[in-house]
Structures are given as C-alpha cells and as structure tokens.
Amino acid sequence: MARKSFFLLAMLLVAFAGNAQNRDQNGDGVVNVTDVVDLINYILTSSKDPNPPSSNQTFTVNGASFEMIAVEGGTFTMGATSEQVGDAIADEEPAHKVTLSSYLIGKTEVTEELWKAVMDPNSFLRTNLPVEGRSWNECQEFITKLNELTGKNFRLPTEAEWEFAARGGNKSQGYKYSGGSNFLYELAWYSSNSSSQTHPVATKAPNELGIYDMSGNVNEWCSDWYRRYSSESQTNPTGPTSGSERVWRGGGWCDYQRDCRVFSLFGSWLGREPEPWQAEWLQRDGSFAIKNAVVSCLSGY
C-alpha cells in the first residue's frame, strides 16, 4: 500500500516537473510538495457536485406554501446497518454503500392544503394534515400539475434519497428512527400514540436535517420499483426499470415501531391502480402519502 501511495505521489511530482509553469498552487513563488498537496485537495473537492443547493427554499402555489430542505450529497450505508440488528428482514439486506448528489426534499409530508391547492384550487377544505389514501399514479398526476404551476421539476424521491434524508444525511447520528432519537414515542405518530388517525405535520421532533415525520404519521411513496438489494456500491441509484410494486417508506399511524425504522422497506401493489377490493382496503387503512416531491440541484434552480 505504501509503495502504491509513493508511486501516485511520484507521478504527481513528475507531472509538476514536466511543466512547472502555472503549478504554483498556493502562490508563494515556489513549486514544491505543498503545491502537490494543494493540487490533490483541488482534485478531490472539484469532483463534488458543482451546483449543490446551498439553502432551503420555499414555494407558494395558489396560497399554499411549502419548504424544501437542502440535502448535501454524500456517501452512506443503505439497508440493514449495525444499529438495526435484530429488527432487519431479508429484503433490507445486504447493507451497501450508496453515493448521492445533492438535492432538495420536503420539510414535511405533502399536506391536504397543498394537495387541494394544486388539484382543486377552489376547495376551501384545506388542513395541515398529511394527504393520505392516494395511489402512486395519483401522486404522479399531482406532481405533473405542480410542475406546470411552478415551472420546476418536482418528483418523488428515489428510495436512496429518501433513506439518506431520513437518516439525517451527512449530519446523521446513527439513530434507528428519523427524528434525532431512538425513543419513537416522542418523535413519531404510530400505533401506540396516534389514536388511529393522522396528525398535523411537524408536531413531533425533526431529524438532524430539520425534516419532520419521516418516521410515522403516513407512509411515503418513492419513485423506485420494489426489488431485492445488491451488495455492490451504487451512485445515484434509481432502482430497476420495471416491476410489479412501488416502494413506500417510513411507517404510518397504524404501524408498529419496527415499521418506522429509517430503513424499513415496503413494496405495494398500490403503486398501480388497485383492484376494487384493494381500493376499499386503501380507503379503510389510508396510511399512504408522498413525501413532498424532491428536486435535484440541477432541476431549474
């Protein structure tokens, strides 16, 4: 390993020696090893996302405002990580490295207020409850209209983007749930405290990034088709190109603690239009929603 590192350093020194002009990286008038170190740092930092969202952004549509949280890109371990020992199921393994570019994600779940403002702007029935009982396809219709109204490029988060944000991104403290704690009762609405109903968004503790309700309240759709994980490292994964079920994440008001973990993985036939009996079940359970549509840093900002 030491010989390989020396060889790399030697190559950089040779490159410097081959053309000393403009190699003075720090401007001290001397081309030396310090300039090599500065060049290495430049190479490493210049490979990062060139246009990351630098701050949170707020949008207003027909009187309804919503905030998007800037998530700095990074590399994390996705799936059944060490803090989840004992709770993981087969579909949540193996844990694997994922690298993501920077993006924006909703501070809260999409509210009934925002849904109505986009889909039925003449409606007066607007509340701060998370929208529920909507299929994946209905969410696509909502996003299409939202993009028409804003001129932006909102979309559902990929499963990897959802999990990275839920874990707290680069600020993650390694908690089992999303909300800056391992005590679910104080940071999520779930079967033990929800009284079998949804609750207004952002009434429990936020996670390390300031995002609310990524554990509990309502499940949240992702863009990916459901599939088994691979152990291979990935960059900006979007999942398979086809499938029979869409991914949802986060757990809802009727779910148990185990279902509200930051890497709990579910697939649902609700990702397509349900059969009549399934639609009836959906209306009865109702614990499905989308996370406020994600915008990548290159989507028109």
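Tutor: Let's start with a definition: a charge sits over a ring if NZ of Lys or CZ of Arg is within 6 Å of the ring centre and within 35 degrees of the ring normal. Please keep in mind that this is a predicted model.

Student: Thanks! Which residue lies over the face of Trp 189?

Tutor: That is Lys 204, at 4.4 Å from the ring centre of Trp 189. Another case is Arg 246, which lies over the face of Trp 225 at 3.7 Å from the ring centre.

Student: Let me look at Arg 246. In which strand does Arg 246 lie?

Tutor: Arg 246 is in strand E8, which covers residues 246–249. Its side chain also has a polar atom 2.7 Å from the backbone oxygen of Ser 223. In sequence, Arg 246 and Asp 224 are 22 residues apart, yet their C-alpha atoms are 6.0 Å apart in space.

Student: Is Arg 246 buried or exposed?

Tutor: The cut-off for buried is under 20% relative accessible area. Arg 246 has 10%, so the residue counts as buried. Now try another arginine, Arg 228, in the loop between strand E6 (219–225) and strand E7 (234–235).

Student: Does Arg 228 count as buried or exposed?

Tutor: Exposed means over 50%. With 53% relative accessibility, Arg 228 is therefore exposed. Gly 239 is 11 residues from Arg 228 along the chain, and their C-alpha atoms are separated by 9.8 Å.

Student: Next, rings. How many aromatic pairs does a search of the whole structure find?

Tutor: The search finds six aromatic pairs. One of them joins Trp 115 and Phe 142, with 4.7 Å from centre to centre and 5° between the planes, and this pair is stacked.

Student: What does the pair of Trp 115 and Phe 142 tie together?

Tutor: Trp 115 belongs to helix H3 (residues 112–119) and Phe 142 to helix H4 (residues 136–150), so the pair ties together parts that are 27 residues apart in sequence. Both Trp 115 and Phe 142 are buried. Elsewhere, ring pairs link Phe 59, Phe 66 and Phe 154 into a cluster.

Student: How do I read a hairpin?

Tutor: Begin with the strands. In a regular strand, side chains alternate between the two faces of the sheet. Here, strand E1 (residues 57–61) pairs with strand E2 (residues 64–71) in the antiparallel sense, over five bridges. Val 61 has Ala 64 in E2 as its bridge partner.

Student: Which residue in the hairpin of E1 and E2 takes a positive phi?

Tutor: Asn 62 does, with phi near 45°, and the hairpin has two residues between the strands.

Student: And helices? How many residues of helix H5 are buried?

Tutor: Nine of the nine residues in H5 (residues 159–167) are buried, so this helix is mostly covered. Among them are Trp 162, Phe 164 and Arg 167. After H5 comes Gly 168, which has a positive phi, near 105°.

Student: Last topic, cysteines. How many disulfides does a search of the whole structure find?

Tutor: A disulfide is a covalent bond between the sulfur atoms of two cysteines. The search here finds zero disulfides. For Cys 254, which is in no disulfide, the nearest cysteine sulfur is that of Cys 260, 9.1 Å away. The cut-off is within 2.5 Å.

Student: What is the relative accessible area of Cys 254?

Tutor: Cys 254 has 25%, so this cysteine is partly exposed. Cys 139, at 0% relative accessibility, counts as buried.

Notes:
Residues numbered from 1 in each chain as written. Predicted model: local features only at pLDDT ≥ 70, side-chain atom pairs only at ≥ 80, totals over all residues. Heavy atoms only, no water. Buried < 20%, exposed > 50% of the residue type's maximum accessible area, 1.4 Å probe, protein only. Phe/Tyr/Trp six-rings, centres within 6.5 Å; stacked < 30°, edge-to-face > 60°. Helix = DSSP H or I, 4+ residues; strand = E, 2+ residues; numbered from the N terminus. Pairing = 2+ DSSP bridges. Polar contact = N/O pair within 3.5 Å; in protein donor to acceptor, adjacent residues only side chain to side chain.
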